[in-house]
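Trainee: Could you pick one part of this model and take me through it closely? I'd like to hear how the pieces there pack, and what surrounds them.

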Amino acid sequence: MTEAEGVRSSTEGGISAAPDIAVRHRFEQLALPHLDRLFRLAVRLTGTVQDAEDLVQETYVKALRAFAALRESEAVGAWLRQILTRLVFDRHRTEPREMLVGDLEELDRFSLYDLVWDEDPLPYSDNLHGDFLAQFDDEEVRRALLALPEAYRVPLVLLYAEELSYREMAEMLEVPLGTIMSRLHRGRKILERELWECAKRRGLVRSWDR
Amino acid sequence: MTPLTCDQVMKQFFAYLDRALSGEPLDQIEEHLEECLSCCDKLAFSRTVDAFVKARVPEGKVPEGLESRVRQALERAVGRE
């Protein structure tokens, strides 16, 4: 049984009766040692220290309320990461950000590699694609990543920063493996498109649309 | 085993990159890549983009006093119930 499987049952409908002080102390003892790692994950998912702190607090409060249902106290770290990640991942269900993705078929056809090749923005480069990327500053790349709808950004951050496998992500987010596969595929396409749009805004490439 | 077209490879491109394929789908893509320089170049570029973005995922230092603020939030949560 994986860590995610071990904690799954305890996050499903796990709102229990009001936790008393002894339960809170026991919870703090088990859960607070994971604070730094949780915070780092929260920054990666939200992009700002303030949003990360709000998310971490929300996670701990939610976890305390569900603490009685946690069956394996040694899995508390994975359980907290799952609660935190789900808080972000599930936001897209109430916000219309999914709309920003646009036409999926068009998105699937998008290729930054081909566009850079066709546009040839750096005619004297012998490493065209590498030099194209090198023109972006760190903040632009972070903004492109944070512009992704949560449904795509969360799996990508889990892949890049937590190095989770597709199966581990599917268990953590409680979605089918095929959903993870398509979100990671399209998430990268949207990211490539964001980088291309950024290059156009910066005048790195000609700005007509293809 | 039916040879894949470039478009078919593209559909599973990132799953291949993430080592999420096995068995026949993996063999088919590897067979295609042995013959197709263009797909190999695209794959190398996607690996570069991945490493480029991965190195720029937001990072932040844990703010001072976070643990005590979390403890206060938990205390308030218990108090409210």
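Mentor: Here's a close look at one helix pair, and then at its surroundings.

This is a predicted model, so local features need pLDDT of at least 70 and side-chain atom pairs count only at pLDDT 80 or more, while totals for chains, interfaces and linings use all residues. Residues are numbered from 1 along each chain as its sequence is written, chains are lettered from A and ligands numbered from 1 in the order written, and side-chain values use heavy atoms, with hydrogens and water left out.

Chain A has 12 helices and 0 strands (DSSP runs numbered from the N terminus: H or I of at least four residues for helices, E of at least two for strands). Our pair is α3(A), residues 35–46, and α10(A), residues 150–160. Two packed helices are described by the angle between their axes and the distance between the axes. Here the axes come within 9 Å and cross at roughly 135°; they're lines fitted to C-alpha atoms over the stretch in contact, with angles from 0 to 180 degrees between N-to-C directions. That makes α3(A) oblique to α10(A) (under 35 degrees is roughly parallel, over 145 roughly antiparallel, 65 to 115 roughly perpendicular, and the rest oblique). The crossing is right-handed, meaning the near helix is turned clockwise from the far one by less than a right angle.

Who meets whom? From α3(A) come L41(A), R44(A), L45(A) and T46(A), and they meet R153(A), V154(A), V157(A) and L158(A) of α10(A); contact means heavy atoms within 4.5 Å. These residues divide into 5 nonpolar, 1 polar and 2 charged (nonpolar: Ala, Val, Leu, Ile, Met, Phe, Trp, Tyr, Cys and Pro; charged: Asp, Glu, Lys and Arg; polar: the others, Gly among them).

R183(A) sits in α12(A), residues 177–201. Leaving aside neighbours within four places in sequence, R183(A) contacts F89(A), A151(A), Y152(A) and P155(A). At 16% relative accessibility, R183(A) counts as buried (under 20% relative accessible area; exposed is over 50%, partly exposed in between, with a 1.4 Å probe and protein chains only).

Just after α11(A), E174(A) takes a positive phi of about 55°.

Zooming out, buried residues make up 52% of the 210 in chain A.
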